[in-house]
Amino acid sequence: FYSLGFAEVVFCAVIGHEQVRGCGSQLMNHLKEHLGKDGVTHFITYADDGAIGFFSKQGFTHKLTLPKSKYEGVITQYKGGQLMDCRLDPTGVSRLYHGLGDGQNVKDGVYPTGANVEVQFLDKKSETGHKWVAAKILDSVVDTKNKQTKYFVHYIGWGKRWDQWTVGEHIRPNLNYDKKQKKPSKKRR
């Protein structure tokens with residue numbers, strides 16, 4: 001509903017064994033980034049009871065800021081679902097990764113130094129050949145040749161010899177980062 005400034009998630013499902021790997025979060029963040037860049041200001045959904053937690057982690061709330069006049073009569077209401085709204089940033093990614101918090105938010109598409117993230121680490125023993133590992137960004141540089149930001153990361157709980165440079169495509173927000181404890185929780189490990 002581009003002309004009305006919002007988009008709706010009608011159905012979103014991730015197979016069980018992939019749910020703990022953050023596939024749904026990556027998909028939602030990708031959608032929010034592109035919708036925001038295209039001028040969409042709201043992303044709404046009717047979340048069933050089993051999905052409310054997921055959508056809440058993605059920045060959706062029961063407090064709708066999208067005027068009812070925009071969506072009433074346009075979207076189908078679902079029994080057993082709760083309407084949720086996620087306000088999008090028209091610049092794209094600067095406020096999408098709400099789960100970072102504490103001054104760690106992505107700005108202009110770049111993670112700040114000190115952000116607690118997850119980094120894709122090559123792991124031949126895993127089913128997919130990689131796994132996501134909690135890390136902290138220690139430094140970043142922009143490669144002037146291809147204008148790509150590279151990040152120097154430290155894997156939490158690993159020795160400094162594992163610190164390495166990586167690119168943004170191998171980084172995602174650490175949605176399990178506990179802001180109160182200032183360290184990653186071990187929910188998904």
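The following legends describe several close-up views of a predicted model.

Residues are numbered from 1 along each chain as its sequence is written, and side-chain values use heavy atoms, with hydrogens and water left out. Because the model is predicted, local features need pLDDT of at least 70 and side-chain atom pairs count only at pLDDT 80 or more, whereas totals for chains, interfaces and linings use all residues.

**View 1. Overall arrangement of the protein chain.** The secondary structure comes to four helices and 10 strands, where helices (H or I, at least four residues) and strands (E, at least two) are DSSP runs numbered from the N terminus. Along the sequence these elements follow the pattern β-α-α-β-α-α-β-β-β-β-β-β-β-β. Of the 189 residues, 40% count as buried; buried means under 20% relative accessible area, exposed means over 50%, and partly exposed lies in between (1.4 Å probe, protein chains only). The chain exposes about 11300 Å², of which carbon and sulfur atoms supply 53%, with accessible areas taken from the Shrake-Rupley method with a 1.4 Å probe and, for residues, only the protein chains shown counting as cover. Among contacts (heavy atoms within 4.5 Å) between residues at least 6 apart in sequence, 56% join residues at least 24 apart.

**View 2. Strand β1 and its pairing with β2.** Four bridges join β1 to β2, and the two strands run parallel; strands are taken to pair if DSSP finds at least two bridges between them. The bridge partner of Phe6 in β2 is His42.

View 3. A nonpolar core is a set of buried Ala, Val, Leu, Ile, Met, Phe, Trp, Tyr and Cys residues joined through side-chain atoms within 4.5 Å. The largest such core has 14 residues, and those with the most contacts inside it are Met28, Leu35, Phe43, Phe55, Phe60, Met84 and Leu88. The elements that give two or more residues to this core are β1 (6–9), α2 (23–37), β2 (42–48), α3 (52–57) and β3. When neighbours within four places in sequence are left aside, Leu35 is in contact with Tyr2, Ala7, Val40, Phe43 and Leu88. Apart from this core lies another, of 12 residues, among them Tyr111, Ala115, Val133 and Ile137.

**View 4. Phe54 in helix α3.** Phe54 has its place in helix α3 and, at 27% relative accessibility, counts as partly exposed. Not counting residues up to four places away in sequence, Phe54 touches Gly24, Ser25 and Met28. The C-alpha atoms of Phe54 and Gly24 are separated by 8.5 Å, although these residues are 30 residues apart along the chain.

**View 5. Gly81 in strand β3.** Gly81 belongs to strand β3 and is partly exposed, with a relative accessible area of 23%. Beyond residues up to four places away in sequence, Gly81 touches Tyr46, Ala47 and Asp48.

**View 6. Strand β4 beside β8.** Strand β4 (residues 116–122) is mostly covered, with five of its seven residues buried. Three bridges join β4 to strand β8 (residues 171–173), and these strands run antiparallel. Val117 stands opposite Pro173 in β8.

**View 7. The two salt bridges.** The structure holds two salt bridges, each defined as a side-chain nitrogen of Lys or Arg within 4 Å of a carboxyl oxygen of Asp or Glu. Glu72 forms one with Lys68, the closest N and O atoms being 3.8 Å apart, and Lys68 is partly exposed at 48% relative accessibility. Asp143 forms a salt bridge with Lys150, with 3.7 Å between the closest N and O atoms; Asp143 is partly exposed at 22% relative accessibility, as is Lys150 at 30%.

**View 8. Lys147 in a loop.** Lys147 is found in the loop between β5 (130–143) and β6 (148–155), where Lys147 is exposed, with a relative accessible area of 71%. Although Lys147 is not a glycine, it has a positive phi of about 55°.
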